[in-house]
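This report covers helix packing, annotated spans and model confidence, in that order.

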Amino acid sequence: MVCGGFACSKNALCALNVVYMLVGLLLIGVAAWGKGLGLVSSIHIIGGVIAVGVFLLLIAVAGLVGAVNHHQVLLFFYMIILGLVFIFQFGISCSCLAINRSKQTDVINASWWVMSNSTRHELERSFDCCGLFNLTTVFQDDPSCNAICKNRSSTCQMCGEKFLKHSDEALKILGGVGLFFSFTEILGVWLAMRFRNQKDPRANPSAFL
């Protein structure tokens with residue numbers, strides 16, 4: 001039987017927002033865990049992940065409260081915000097899946113030269129490489145690169161190739177996951193719109209718009 005009744009729509013919308021709340025809490029927890037263990041030292045990355053988690057949590061709370069109370073105003077703004085998030089996320093996900101290796105190289109190259117020296121040194125140490133896309137160079141006398149590979153041999157692999165390998169995998173995963181969640185957002189908009197226009201059987205009939 002198709003889920004079309006008031007109670008079924010309400011329960012489905014509540015369940016979807018509970019999932020969003022769990023994902024938001026997970027993002028906040030993972031960011032705090034990564035910072036606590038020193039896995040990620042960049043405050044901008046930590047702050048960005050926490051901001052996304054808090055934003056998703058607030059949307060989920062608004063949708064959950066609107067669904068439980070059949071609140072017309074909350075459900076309306078929930079639909080609008082979730083619809084805008086869908087458009088943005090769908091575009092970003094498609095871009096992640098469509099970007100080719102040449103574009104990835106341009107992005108990495110541009111990002112590398114706007115980083116601070118400390119960030120570049122941290123990446124070189126983490127990925128055990130030196131430099132970016134130049135030809136393999138002797139770095140034994142270069143004090144700026146503190147990668148472990150300098151202690152093993154006089155040459156180090158370029159960071160650009162390692163970045164490309166990881167970025168290609170990451171973009172596919174991010175694009176696929178983002179595309180999946182974007183369709184759950186469309187489901188949320190549809191459920192909220194349907195539920196908002198349904199009549200609560202326990203309410204006063206004259207109170208329904």
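## Packing of α3 against α7

In this predicted model, the axes of α3 and α7 come within 8 Å of each other and cross at roughly 155 degrees. Angles over 145 degrees count as roughly antiparallel, and α3 and α7 are therefore roughly antiparallel to each other. The crossing in which α3 passes α7 is left-handed, and the residues of this contact divide into 20 nonpolar, 9 polar and 3 charged.

Helix α4, which spans residues 101-114, packs against helix α7, residues 159-196, at an angle of about 120 degrees, and the axes of the two helices are 10 Å apart.

The residues that make the contact are L123, E124 and F127 from α5, together with C159, K162, F163 and H166 from α7, and they divide into 4 nonpolar, 1 polar and 2 charged.

## Annotated spans

The unreviewed UniProt entry lists residues 12-33, 45-68, 75-100 and 173-193 under "transmembrane region". In the model, the span of residues 75-100 is 92% helix and 0% strand, and its end C-alpha atoms are 39 Å apart. Residues 173-193 are 100% helix and 0% strand, with end C-alpha atoms that lie 31 Å apart.

## Confidence of the model

Averaged over the chain, pLDDT is 77, and 81% of the residues score at least 70. Among the elements of the chain, the highest mean pLDDT, 86, belongs to helix α3 (residues 72-98), while the lowest, 72, belongs to helix α6 (residues 149-152).

Over residues 135-142, pLDDT stays under 50, although the model has 19 contacts beyond four places in sequence for this stretch. Where pLDDT is low, the predicted coordinates should not be read in detail.

Methods
Residues numbered from 1 in each chain as written. Predicted model: local features only at pLDDT ≥ 70, side-chain atom pairs only at ≥ 80, totals over all residues. Heavy atoms only, no water. Axes fitted to C-alpha atoms, helices over the stretch in contact; angles between N-to-C directions. Helix = DSSP H or I, 4+ residues; strand = E, 2+ residues; numbered from the N terminus. UniProt positions renumbered as here; feature names shortened; annotations may be inferred. pLDDT = per-residue confidence, 0-100. Contact = heavy atoms within 4.5 Å. Nonpolar A, V, L, I, M, F, W, Y, C, P; charged D, E, K, R; others polar. Parallel < 35°, antiparallel > 145°, perpendicular 65-115°, else oblique. Left-handed = near helix turned anticlockwise from the far one by under 90°.
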